[in-house]
Each structure stands twice: as structure tokens, then as C-alpha cells.
Amino acid sequence: MENSFAQELYSESLHLSKVELGSSQAANCDLQDDDGSFWGGSDEELDKSSDLDREWERRRDQFHTIGYRDGLIAGKEAIAQDGFNIGFKESVLEGYNWGIVRGITSALACLPEQFKERLIETRETINKFRTLYETVHSLSTTDALKMFHDDKMAKKIVEESEHPNATSEMESFQSDGADCSLDSYVVKLQSLVLESPAIESHLLGK
């Protein structure tokens, strides 16, 4: 009786073990693909993951380069604009007065002699206007810009220098012709206009 009971218990345990083993194998089969590899671990899935990583790296480098280039361009534009603003502020008055000198002397040079005599009181002043016209119009735009630059540099030397020889340094810097600065032509025109009340000018003061 006891022997029969032991066999029955053993048979039941063996049966349960087989059932659990079968269930485990079935579960493993469900996690496997058709090619026998586990889900998520196939070569195809690994390749896709690697492709995504490479694409992310490429896009990151691409946008980093674009951002750097855009920032560099924006910085250059900002600096260029600042330089333009400073240059415009320093040169607009000089340029305006230089244009007035050229315009008045050109207009007088084109007038017939009888009209010049009605506007200008003396022959000496007429000759001075003619000389100023010829001198001014002999200068090219490049020459005028160089004179403007030399004027600014000479004034900067005086402003920054602390010793008593600052004025002599400025004269030395303008040794090629201190009397031929843009300001000197404006002063000459102002002087001639004062001698000729019939001529009106619109020179701007500093």
C-alpha cells in the first residue's frame, strides 16, 4: 500500500516537472524571432540603433557648425556696423564742408566774367577763387581721404600727448603739407566769402 502511494506521488511530481519545463520552453520560443535569436538582440536591431547614433552625431556636428558660422557672421556684421557708425560721425561734417568748397568754387568757375564781377568786388578775390578751385579740383577722392586721415591722426597725437612738444609732433606728422589739410580749404573759402557779401555759403561749424 505504501509502495503504491510512493509511486503515485513520484509520477505526479514527474508530470508537474514536465509541464513546467514545457511552459518555460514555450515562453522562450515566444521571445525568439524566426531566426532563433531573442527579441531586441538581433543584428538588424543593433544596426538600426548604430545608424540612429551616427545620424544623431552627424546632425549635432552639422548644427554646431551652422550655429558657429551664423554667430561669426553676426559678430562681424555688428563690428562692421559699429565701425561704420563711428566713421560716419567723425567724417560727415568734414565731408559736407568739403562738398561745399568744391560746389561753390565750381559754380563760380563756370560763370561768365561779367557775372563774377557782379558777385565779387575785386579782381584779386576773383583770382583767389580761381586758385582755390584749381587746387581743390586737382585732388582726387583718394587724396582727400588721405588728408582727412592725416588730420585725424595729427589731432589724435595732440590729444594723447602730455609733453609740451605735442604741437611740433603734429606739424612733423603733417610735414607733407600742413597748409593743405581739408580744414585749410574750408577756412580759405570762409575768408573769401567774407570778402564777397553777395555770395552765401552753408558751411557748418565744428
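Analyst: The predicted model has seven helices and zero strands, so the pattern along the sequence, by the DSSP runs used here, reads α-α-α-α-α-α-α. The contact to examine is between helix H5, residues 141–160, and helix H7, residues 182–194. Their axes lie 8 Å apart and pack at an angle of about 100°. Angles of 65 to 115 degrees count as roughly perpendicular, and H5 and H7 are therefore roughly perpendicular to each other.

On the H5 side, the residues in contact are Ala-144, Met-147, Phe-148, Asp-151 and Lys-155. They meet Leu-182, Asp-183 and Tyr-185 of H7. Sorted by class, this contact of H5 with H7 has five nonpolar residues and three charged ones, with no polar residue.

The protein exposes about 15600 Å², of which carbon and sulfur atoms supply 57%. Of the contacts with a separation of 6 or more, 65% are between residues 24 or more positions apart.

The protein averages a pLDDT of 74, and 66% of the residues score at least 70. Over residues 173–178, pLDDT stays under 50, and the model has seven contacts beyond four places in sequence for them. Residues 35–40 also stay under 50, with ten such contacts.

Terms used. Residues numbered from 1 in each chain as written. Predicted model: local features only at pLDDT ≥ 70, side-chain atom pairs only at ≥ 80, totals over all residues. Heavy atoms only, no water. Axes fitted to C-alpha atoms, helices over the stretch in contact; angles between N-to-C directions. Helix = DSSP H or I, 4+ residues; strand = E, 2+ residues; numbered from the N terminus. Parallel < 35°, antiparallel > 145°, perpendicular 65-115°, else oblique. Contact = heavy atoms within 4.5 Å. Nonpolar A, V, L, I, M, F, W, Y, C, P; charged D, E, K, R; others polar. pLDDT = per-residue confidence, 0-100. Areas by Shrake-Rupley, 256 points an atom, 1.4 Å probe, with all protein chains shown as cover.
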